[in-house]
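Please look over the sequence and the 3D structure shown below. The paragraphs after it lead through them step by step.

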Amino acid sequence: MKKNFPKHALLMVITALLITVNTFAQTKTAKPLNIPFEPARWDTTMQKVEFTTYKGAKAMKILPGNKQVLLKDVTFTNGTIEFDTQPVDVTKSGFLSIYFRRQDAKESELVYLRCAKDETAQRNDAIQYAPIIHGVNLWDLMPHYQGSAPIKNEDWNHFKLVISGQQMKVYLNNMEKPVLEIPRLESNATAGGLAFDGQAYFANLVIKPNQIEWLSPQPGADLTNHDINYIRRWDVTASQFLEKGRELLREDLPTDTTKWQPIVAERRGLINLTRVYGGIENRGGGVQNKNRYVWLKTKIRCAKAQTVKMQLGFSDEVYVFINGGLIYTDKNQYPQPIRKYPDGRMDIANSTFEIPLKEGDNELVIGVSAYFYGWGIAARMMNMEGITVQQE
C-alpha cells in the first residue's frame with residue numbers, strides 16, 4: 001500500500017539538505033588564516049606586551065593592565081577561532097579574555113576564563129560568555145552563560161570557538177565536548193575585529209572563516225517562551241537620575257503627563273534596560289554622583305480579589321508599587337553583602353513576594369535603578385488562576 005510522505009517532513013529534509021550543502025561549500029572554500037604574534041600584526045597602543053618565544057611557540061605576553069590588544073586588519077563574522085593561552089600568575093590576575101565581532105570598545109562579544117589558584121576544585125564560573133553593549137559588560141544580567149572548564153595554569157590551554165550566526169560553541173583542551181554552548185549571541189555586533197586581554201601568554205592563533213562545523217546560524221530554543229507566567233510586555237519612561245543614597249518614594253511615581261514607550265522582554269523574560277539606555281557609564285556632565293533609573297508599568301487583570309506571589313529577578317535596585325501603593329523594595333548590589341543569589345547577578349530566583357490584587361485591572365509599576373554593570377528585571381507570576389498579564 002502506497003503511503004504519502006508528510007509535507008512537513010519533506011520540507012524539513014529539504015531544509016536540512018540545503019543547510020548541509022551550504023555549510024559544506026563554505027567549509028570547502030574557506031582559507032585558514034595563521035596569525036603570527038609579531039608587532040606588525042597587533043595594535044598595542046592601549047596595552048603593553050612582550051613578543052617572545054615561549055615553550056617553542058612565537059607568543060605574545062600581555063603585561064599587567066586591563067586594556068585590550070587588538071588584531072589589525074581582520075574582520076570576523078562566522079567561522080572557527082583557535083589559539084593557545086597560559087596565565088602568567090593567577091594570584092595577581094585570573095582573567096583571560098578574547099573579544100570577537102568587536103566593533104569598538106562599546107560593542108563586541110566576549111569569552112573569558114576566571115582562573116583560580118586551585119583548578120582541581122569544581123565550580124560553575126570557570127568560563128563565561130557576556131556581550132558588551134553600550135560599553136557595559138552584561139555579565140550580571142546573564143548568569144546562565146557560564147560553565148566549568150579544565151583550565152591548566154602551568155601549560156598551554158587550547159581554545160576553539162565555533163561561531164555561526166547567532167550561536168556559538170566553545171571548547172577548551174577537550175575538543176570533543178564543548179565547555180560552553182551559547183544558543184544566542186546577545187550583543188548588537190554581527191561582525192568585527194578580535195582582541196585579547198589578561199596577564200597571559202597567547203600563541204598559535206588560527207582563524208578559519210566560515211568553517212562552522214554544522215552549527216546552525218539560527219538561535220537555539222528559549223524554553224521560557226512556553227511559560228505564560230512571565231510578564232513580557234511593559235511600558236517604560238525615559239531614564240532619569242537619582243542622587244546616590246536616595247531611594248525612590250511614592251512622590252517620585254510617574255504622573256499623568258509622563259511619556260511612555262513599549263518595551264518587550266528578551267530571552268528568559270529579561271527586560272534589558274542596558275540595551276535601551278546604556279549603563280551608569282553613559283552619564284553626562286554634572287551627574288557623576290547620581291544613579292540612572294526608569295519606571296516600568298504593566299497591567300494585571302484579575303477575575304477576583306486575591307493575593308498572589310511574584311518572582312522578580314532584578315539588577316540593581318527595585319521599588320514595586322501596585323495600584324499606587326509601595327509593596328516591595330530591595331537591592332541586589334554586587335559585590336556588596338546585600339547582593340542576592342546567585343552572587344549579585346540577575347536571576348528569577350533573586351526574590352519572591354506577595355502582591356495584593358483587586359478584581360479587575362491592576363497597575364503594576366516598578367522603579368529600577370542602575371548601580372553596577374547591566375540593569376534590568378525579569379518578572380514572573382507564580383499563580384495564574386484567574387489572572388491575565390500583558391504579553392508581546
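Which residue forms a salt bridge with Arg114? The partner is Asp125, and the closest N and O atoms of the pair are 3.8 Å apart. A salt bridge here is a side-chain nitrogen of Lys or Arg within 4 Å of a carboxyl oxygen of Asp or Glu. Because Asp125 lies in the loop between β8 (107-114) and β9 while Arg114 lies in strand β8, the pair ties together parts that are 11 residues apart in sequence. Asp125 itself is partly exposed, with a relative accessible area of 25%. For this term, buried means under 20% relative accessible area, exposed means over 50%, and partly exposed is in between (1.4 Å probe, protein chains only).

Before going further, note that this is a predicted model, in which local features need pLDDT of at least 70 and side-chain atom pairs count only at pLDDT 80 or more, while totals for chains, interfaces and linings use all residues. Residues are numbered from 1 along each chain as its sequence is written, and side-chain values use heavy atoms, with hydrogens and water left out.

Now take the chain as a whole. The chain has 392 residues, and buried residues make up 50% of them. The C-alpha trace spans about 75 × 70 × 40 Å along its principal axes. The chain contains 2 helices and 28 strands; these are DSSP runs numbered from the N terminus, with helices (H or I) of at least four residues and strands (E) of at least two. Of the contacts between residues at least 6 apart in sequence, 74% join residues at least 24 apart. Contact means heavy atoms within 4.5 Å.

Tyr54 sits in strand β3 (residues 49-54) and is buried, at a relative accessible area of 17%. Leaving out residues up to four places away in sequence, Tyr54 touches Ala59, Gln86, Trp156 and Tyr201. With Gln86, the side chain of Tyr54 makes a polar contact of 3.0 Å. A polar contact is a pair of N or O atoms within 3.5 Å; within protein, one must be able to donate a hydrogen and the other to accept it, and residues adjacent in sequence count only if both atoms are side-chain atoms.

The next topic is the division into domains. Domain 1 covers 33-209, and domain 2 covers 230-243 + 256-281 + 289-389; such bounds come from an automatic or database domain assignment. The C-alpha centres of the two domains lie 34 Å apart. Where they meet, 19 residues of domain 1 are in contact with 23 residues of domain 2. The area buried between them is about 1,700 Å², and carbon and sulfur atoms give 58% of it. Trp139, Asp140 and Leu141 supply 37% of the area that domain 1 buries against domain 2, more than any other three residues. Buried area is the accessible area (1.4 Å probe) that two parts lose on being put together, summed over both.

What kinds of pairs cross this interface? Between the domains there are 9 residue pairs in polar contact (both at pLDDT 80 or more). On the side of domain 1 that touches domain 2, β9 (127-133) and β10 (136-137) each supply at least two residues. The residues of that side divide into 9 nonpolar, 7 polar and 3 charged. Here Ala, Val, Leu, Ile, Met, Phe, Trp, Tyr, Cys and Pro count as nonpolar, Asp, Glu, Lys and Arg as charged, and the others, Gly among them, as polar.

The rule also finds 1 salt bridge across the interface. Arg275 and Glu186 form a salt bridge, with 3.9 Å between the closest N and O atoms. Glu186 is buried, at 4% relative accessible area. Glu186 also meets Arg184 in a salt bridge (3.5 Å, N to O), and Arg184 is partly exposed at 25% relative accessibility.

Finally, return to strand β9, where Gln128 is placed. Gln128 counts as buried, at 1% relative accessibility. Its side chain makes a polar contact of 2.8 Å with that of Tyr112 and another of 3.3 Å with that of Arg114. Beyond its neighbours within four places in sequence, the residues in contact with Gln128 include Trp139, Leu180 and Arg345.
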